[in-house]
Amino acid sequence: MTARVLDGREVAARIRERVRSEVSSLLEAGTPPHLVSLQVGQSEPSRAYLQSQRRACVDLGILYTHVQLDEESTDRQLLAHVHSLCQNPEVTGLIIQLPVPRRLDVRKAYRAMDPTKDVEGMHPANLGAIVTDEGGMNPCTAVAVLQLVRESGVLLRGAAACVVGHSDVVGKPIGLMLLQEDATVTTCHVHTRDLARHTRHADVLIVAAGQPGLVGAEHIKPGACVIDVGINYLAGREGPVGDVRFEEASAVAGFITPVPGGVGPVTVACLLQNTVRAAKAQRAGAEAPVRRAEGTP
Ligand code: NAD
């Protein structure tokens, strides 16, 4: 079998065209969406992500500002920036670029965000909303993964889905969103014994471990839909590589995403989608009549 390659750039282009028309309406109404990206220090993976964010925003007419904090910044300084950006009515969306230096507590920064401006869906209220299926701002990478699975046409209801990786920002939200689609979900991680024993049964296999080439033919059920979330940079090699050994996996899988050109561009498109949703929700909130608290005259 030769897998059908799910082209992330094509899926992203479709999402972006929808976003473009929503941005036009916001611009006409005089309420431009404004995305701010807050970064502490520098890192190779976020450099590429930043570039594509900026390019995409400029292309669609979304205002984009990058705020760069010093590598040595403290939790307190990061929180102060988060607070002031969230209180600024001209900022409609905020991203904290990962990774941040290890000594910082990024969870504290997420908790300090206004959940309605949290376009990456990392505030506990937004993550919690996935559990209870209450809308909110869903994490972009998880939404992108789901979009690509839908592209394959594989039905998630009743399917065996396996997620390799259980980080708070990627693996766990993906697992929860697959569960909301009524898939039977197995989550594997660094302590899982005999990874292939679990992955081999999956109709839908999502790999988000950050381990180049972790998954190969022996891990894949023939005909499965394989989504490679991994973005890894190897010394002496141009561009990123995924967590899946693409050539051999393609010979077994039914559907597969490439790296680059798979989950990455769709994640950026989903970020733009969330940015517009956030701007629209804030505009609607600002236009709504102020309600008196119960019991006040
Ligand atoms: P992380 O380091 O926080 O988590 C890695 C996860 O993989 C952990 O749950 C760990 O237990 C698991 N893991 C590590 N080694 C393993 C092994 N040998 N076997 C099984 N599980 C193993 O990373 P993250 O932030 O969750 O990101 C994962 C990958 O996804 C990275 O490569 C990252 O760059 C990439 N990423 C891609 C996008 C995108 O849009 N395509 C977005 C975010 C992250």
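**Entry 1: a pocket**

I looked up the second largest pocket and found about 210 Å³ of space in it. A pocket here is an open set of points on a 1 Å grid over the protein atoms alone, where a 1.4 Å probe fits, with protein on both sides within 12 Å along at least five of seven lines; lining residues have an atom within 4 Å of a point. The volume is the space filled by probe spheres set on the points, joined across faces, edges and corners. Of its 13 lining residues, Thr31, Pro32, Pro89, Glu90 and Thr92 are the closest to the centre.

**Entry 2: my notes on the model**

This is a predicted model, where local features need pLDDT of at least 70, side-chain atom pairs count only at pLDDT 80 or more, and totals for chains, interfaces and linings use all residues. Residues are numbered from 1 along each chain as its sequence is written, and side-chain values use heavy atoms, leaving out hydrogens and water.

**Entry 3: salt bridges**

I searched the whole structure and got 13 salt bridges (a side-chain nitrogen of Lys or Arg within 4 Å of a carboxyl oxygen of Asp or Glu). Arginine 157 and aspartate 182 form one of them, at 2.9 Å from N to O. Arginine 157 is exposed at 66% relative accessibility, while aspartate 182 is partly exposed at 38% (buried is under 20%, exposed over 50%, partly exposed in between, with a 1.4 Å probe and protein chains only).

Next I checked aspartate 203 and lysine 221, whose side chains meet at 2.7 Å, N to O. Finally, I noted a network of salt bridges that links Arg16, Glu17, Arg20 and Asp59.
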